[in-house]
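Keep the sequence and the 3D view open while you read.

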Amino acid sequence: MKSKKDVLKISGENAEEICSSIREESSEEAELLLDKARKERERILSEASTEAQAQARAVFSAVEKEAAQMRGRMLSTITMEKRRVDLDAKSLFIADVITAVKKEAKSFRSGKDYLKFLRETILEGIKIVDDKSPQVFYSHLDEGAIAQLSDLSVEFKKSDFDEIGVIVQSQDGRLLFDNRFSARLKRNYDEIYIKLLKEAF
């Protein structure tokens, strides 16, 4: 058994060596820990970077999708607005044409074809009411023209309207066919409108 003096002697002699060994072991251990920490740090950063990139891609994709939808909505709005403006312009054109036609209708009474027109409106009305002795209401302005249609077997009645055309009514008054210009225009308005719409611009 070593005495306390021998132990102290060994310790004294080997202290530097022991310290050096401890330092070396500690240094290696510290290096290993540092290396492990560095690798862990790189792994965390790599994962964080990958996740950040994935999130960035997801955000970019969402923004791109939203932008595409917004572009689509804007184009749709622009297209609809253009159609509305076109339709408004065409509607104004059609309104102008119909106003001109109404104005022209007033002067038609003095034209050479008016008597033929009156005869046709009366015959059409007779066919519609399907009566052997119908009544024909005519404008007080058409008295001269009506006198020239005495060959028609109908009862003529002067009325106070100014419009061109006639109103044909069955003898019992149950059936009435308005064949004045405004009524004819109203009946054919959709067809006229579509034709004018095709021709507009």
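Q: Is Asp130 buried or exposed?
A: This is a predicted model, in which local features need pLDDT of at least 70, side-chain atom pairs count only at pLDDT 80 or more, and totals for chains, interfaces and linings use all residues. Residues are numbered from 1 along each chain as its sequence is written, and side-chain values use heavy atoms, with hydrogens and water left out. Buried means under 20% relative accessible area, exposed over 50%, and partly exposed in between (1.4 Å probe, protein chains only). Asp130 has 68% relative accessibility, so Asp130 counts as exposed.

Q: Where is Asp130 found, and what is its phi?
A: Asp130 sits in the loop between H2 and E1. Helices (H or I, at least four residues) and strands (E, at least two) are DSSP runs, numbered from the N terminus. Asp130 is not a glycine, yet its phi is positive, at about 50°.

Q: What is the strand order of the open sheet?
A: Two strands pair if DSSP finds at least two bridges between them. The edge strands, E2 (155-159) and E4 (176-180), each pair on one side only. The pairing is mixed, and the order of the 4 strands is E2-E1-E3-E4.

Q: Which residue is the bridge partner of Val136 in E3?
A: Strand E1 (residues 135-139) and strand E3 (residues 165-169) run antiparallel, joined by 4 bridges. Phe137 of this pairing stands opposite Ile167 in E3. For Val136, the partner in E3 is Val168.

Q: Why is E3 described as largely enclosed?
A: Gly165, Ile167 and Gln169 point one way from E3, and Val166 and Val168 point the other way. All are buried. E3 is largely enclosed by the rest of the structure because the buried residues number 5 of the 5.

Q: Which residue in the hairpin of E3 and E4 takes a positive phi near 80°?
A: E3 and E4 pair in the antiparallel sense over 5 bridges. The hairpin has 6 residues between the strands, and the positive phi near 80° belongs to Gly173.

Q: At about what angle does H2 run to E3?
A: Axes are lines fitted to C-alpha atoms, for helices over the stretch in contact, and angles run from 0 to 180 degrees between N-to-C directions. Contact means heavy atoms within 4.5 Å. Helix H2 (residues 114-129) lies across E1, E2, E3 and E4, and its angle to E3 is about 20°.

Q: How many aromatic pairs are in the whole structure, and how far apart are the centres of Phe108 and Tyr114?
A: Rings of Phe, Tyr and Trp (its six-membered ring) pair if their centres lie within 6.5 Å; planes under 30 degrees apart count as stacked, over 60 as edge-to-face and the rest as tilted. The whole structure holds 4 aromatic pairs. Phe108 and Tyr114 form an edge-to-face pair, with 90° between the planes and a centre-to-centre distance of 5.7 Å.
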